[in-house]
Amino acid sequence: MDEERDSLASIARAVRDRIEWETALGSFGGVAAQLAAPAVDPQPRAAPERSAPAPGPKAEEAPASEPRPVVAARLAAPDRAAALRALDEQVGACKRCRLHEGRTRTVFGVGNPAGRLCFVGEGPGRDEDLRGEPFVGAAGQLLTKMIQAMGLAREDVYICNVVKCRPPENRTPLPDEMATCAGFLEGQLEIVAPEVIVAMGSTAARQLLQTTAAMGRLRGSFHEYRGVPVMPTYHPAYLLRNAEAKKPVWDDLKKVMARLGLPDPRAPR
Ligand code: SF4
């Protein structure tokens with residue numbers, strides 16, 4: 001399993017390195033060819049030094065690091081879209097973990113390839129598995145309302161999950177499944193390079209922050225994933241069952257809006 005994780009991490013590194021290389025040369029378009037090669041660069045260039053994904057000091061408790069110096073400011077949206085399509089092709093063919101056995105379609109991600117805000121959930125449910133798109137069921141409709149309440153449209157943000165194939169009976173993905181699929185999420189976040197990530201539910205928070213802390217302790221303040229502020233909050237599916245959690249979630253989203261410099265549409269004028 002470690003080898004599979006390393007392989008996916010290599011794919012993500014190859015995507016990032018290729019983008020940076022092509023961008024430095026003033027051209028882009030080789031990512032698809034790079035990913036379509038039978039083997040990722042057997043001796044990938046050393047990745048740029050980056051902060052550990054572990055839960056570091058909370059961004060509100062220590063000076064937040066600058067948005068990570070990956071490709072955010074240099075890669076045009078069409079190029080990010082091309083890189084995402086290439087990665088999606090890899091996901092579509094992936095059989096690296098047992099979750100591929102029960103899927104109808106892989107569920108990669110949707111939204112703005114250059115979105116300043118990225119929502120990360122747990123994994124596809126039944127509706128998502130059938131449609132091949134994340135967050136299209138009841139929880140997805142609630143997420144859309146949450147995004148609209150922030151003054152944004154669903155198309156403004158990028159939405160994806162920790163695992164790309166539906167777990168049987170909608171169970172929580174197992175640690176080895178999350179670890180095996182992690183390189184794909186890593187690649188998506190490298191390409192989109194959001195300014196803020198919202199981790200919806202404890203599974204997403206645990207994967208991004210590498211912590212076992214409960215959501216009740218995590219939510220309400222910013223943490224970090226490779227220099228990017230992460231706001232953990234409750235999953236929309238949890239909100240459907242626990243209406244009392246809507247206020248704390250809205251409080252979390254208001255902090256995200258403030259971080260992005262977005263006005264609160266609900267604030268009295
Ligand atoms: S969940 Fe991820 S690692 Fe597992 S088969 Fe699907 S795409 Fe591959």
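## Strands β2 and β3 within the sheet

Strand β2, which spans residues 117–121, pairs with β3 in the parallel sense over four bridges, where strands count as paired if DSSP finds at least two bridges between them. Helices and strands are DSSP runs numbered from the N terminus, with helices being H or I runs of at least four residues and strands being E runs of at least two. Within this pairing, glycine 121 stands opposite asparagine 161 in β3. Helix α6 packs on the sheet and touches β1, β2 and β3, and its direction makes about 170° with that of β3. Such angles run from 0 to 180 degrees between N-to-C directions, with axes taken as lines fitted to C-alpha atoms, for helices over the stretch in contact; two residues are in contact if their C-beta atoms, placed from the backbone, lie within 7 Å.

## Basis of the description

This is a predicted model, in which local features need pLDDT of at least 70 and side-chain atom pairs count only at pLDDT 80 or more, whereas totals for chains, interfaces and linings use all residues. Residues are numbered from 1 along each chain as its sequence is written.

## Overall architecture

The protein contains 10 helices and six strands, and buried residues make up 45% of its 269 residues. A residue is called buried if 20 or more other C-beta atoms lie within 10 Å of its own, exposed if 12 or fewer do, and partly exposed in between, with C-beta atoms placed from the backbone. Among contacts between residues at least 6 apart in sequence, 77% join residues at least 24 apart.

The six strands form an open sheet of mixed pairing, in the order β1-β3-β2-β4-β6-β5. Its edge strands are β1 (109–111) and β5 (223–225), each of which pairs on one side only. Neighbouring strands of the sheet are turned by 30° against each other on average, with direction ignored.

Strand β4 (residues 196–200) runs parallel to β2, to which four bridges join it, and the bridge partner of cysteine 118 in β4 is isoleucine 197. Because five of the five residues of β4 are buried, this strand is largely enclosed by the rest of the structure. Both of its faces are covered, with Val196, Val198 and Met200 buried on one side and Ile197 and Ala199 buried on the other.

Four bridges also join β4 to β6, and these two strands run parallel; alanine 199 has proline 232 as its bridge partner in β6, and methionine 200 stands opposite threonine 233. Six of the six residues of β6 (residues 228–233) are buried, so this strand too is largely enclosed by the rest of the structure. Val228, Val230 and Pro232 point one way from β6, while Pro229, Met231 and Thr233 point the other way. In a regular strand the side chains alternate between the two faces of the sheet. Strand β5 runs antiparallel to β6 and is joined to it by three bridges, with proline 229 as the bridge partner of glutamate 224. The hairpin of β5 and β6 has two residues between the strands, and arginine 226 takes a positive phi near 50° there.

## The nonpolar core

The largest nonpolar core has 59 residues, and those with the most contacts inside it are Cys118, Val120, Ile197, Ala199, Leu208 and Val230. Helix α6 (residues 175–192) gives the most to this core, with eight residues. A nonpolar core is here a set of buried Ala, Val, Leu, Ile, Met, Phe, Trp, Tyr and Cys residues joined through C-beta atoms within 7 Å. Not counting residues up to four places away in sequence, valine 230 touches Ile197, Ala199, Leu208, Leu209, Phe222, His223, Glu224 and Tyr225.

## The ligand shell

The ligand is surrounded by 15 residues, the closest being Cys94, Cys97, His100, Cys165 and Cys181, where a residue belongs to the shell if its C-beta atom, placed from the backbone, lies within 6 Å of the molecule. Helix α6 provides the largest share of this shell, four residues.

## Glutamate 155

Glutamate 155 is found in the loop between α5 (138–149) and β3 (158–161), and it is exposed, with 11 other C-beta atoms within 10 Å. Not counting residues up to four places away in sequence, glutamate 155 touches Gly111 and Asn112. Its C-alpha atom is separated by 9.5 Å from that of proline 113, a residue 42 residues apart from it along the chain.
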